[in-house]
Amino acid sequence: MTEHSSGDAVLGPNRYGKAETRVVHIDRRADGDVLTDLNVSIALSGDLTDSHLKGDNANVLPTDTQKNTVYAFAAEDHVAQPESFGVRLARHFVDTTEPITRARIKLEMYPWSRLNNPHAFIRDGRHVRTATVTYDGESTWIVSGVKDLVLLKTTDSEFWGYIEDRYTTLQPTSDRIMATSLLAQWWHTSEDVDWGKSYDAVLSALLDTFAGHHSLALQQTLYEMGSAVLAGQPELAEIRFSAPNKHHFVYDLARFGLENDNEVFHADDRPYGLIEATVRRDDAPDPGPAFDPGQGW
């Protein structure tokens, strides 16, 4: 085995954990079951150098143990709100495992709606609720979110006035379809929150603004949506969006001798424009590690 020495490669930021533990919890109540369906991913960091450089696992909490903890915590308490469940897990791993100094818990919640029966449900596939909790032993950062929120407007959307050069073929338009599959994440500066009520209010603000806003660009619409979210909840400091532009192009029927009065479209899934934006309060504090930047953190 090659010894690690000065001048060789050095260990950079690292973390490990159990990804995508699927846990389904049924709260059996007299007036009807409550079904919670979660996908939980754990990432732990701390004093793990020897594990990487020497293969010494003395400071490693096995990922299988992490998985078992998720199920045990689900049994001990209700898991109906992903934010509070994530807080419990993050604090447990840091506070009870000495080498671990930071935990990030990412949760996806798959909504189910009850049918006309206290024990029967249908999966609500319109979107996925998300939450990310980060804890470093002193501070806790909680980010709620939604992904796969597919939205479309058949009109009230324009796009013109952009830079044109010799490679430009896109035609300006004052009437187009605008569609996206929205990823949004918003950061709470307080833990004194009714998580379900807060989530529902944010989702309503996003949907109402998208529906009611006459758009000159997807960028403009995202800013208006973010502003509406922050206006509704003072404890939210910022919201971040990632929005692919799901293009719909008017199909050329003239070659068949047919008119197409902005009624028949080709939905093109790639390549696509990707619009990303952050809307934050002008006095918002530094978000620190609230939002996961991915590799290289």
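User: How is the model numbered and which residues count in it?
Analyst: Residues are numbered from 1 along each chain as its sequence is written. In this predicted model, local features need pLDDT of at least 70 and side-chain atom pairs pLDDT 80 or more, while totals for chains, interfaces and linings use all residues, and side-chain values use heavy atoms, without hydrogens and water.

User: How many helices and strands does the secondary structure of the protein have?
Analyst: Helices (H or I, at least four residues) and strands (E, at least two) are DSSP runs, numbered from the N terminus. For this protein, the secondary structure comes to 5 helices and 10 strands.

User: What percentage of the residues in the protein is buried?
Analyst: A residue is buried under 20% relative accessible area, exposed over 50% and partly exposed in between (1.4 Å probe, protein chains only). The protein has 297 residues, and the buried share is 40%.

User: Is F256 buried or exposed?
Analyst: F256 is placed in the loop between β9 (236-250) and β10 (265-280). Because its relative accessible area is 52%, F256 is exposed.

User: Is D282 buried or exposed?
Analyst: D282 is located in the segment after β10. Because its relative accessibility is 80%, D282 counts as exposed.

User: What distance separates the C-alpha atoms of D282 and K54?
Analyst: Along the chain, D282 and K54 are 228 residues apart. The separation of their C-alpha atoms is 47 Å.

User: Which residues that line the largest pocket are the closest to its centre?
Analyst: A pocket is an open set of points on a 1 Å grid over the protein atoms alone, where a 1.4 Å probe fits, with protein on both sides within 12 Å along at least five of seven lines; lining residues have an atom within 4 Å of a point. Of its 22 lining residues, the closest to the centre are K106, T132, L183, Q185 and D292.

User: Which element gives the most to the lining of the second largest pocket?
Analyst: The second largest pocket has a volume of about 420 Å³. Among its 19 lining residues, F159, L170, R176, H247 and F249 are the closest to the centre. Two or more lining residues come from each of α5 (218-232), β9 and β10. The element that gives the most, with 5 residues, is β9.

Definitions and conventions:
Points joined across faces, edges and corners; volume = space filled by probe spheres on them.
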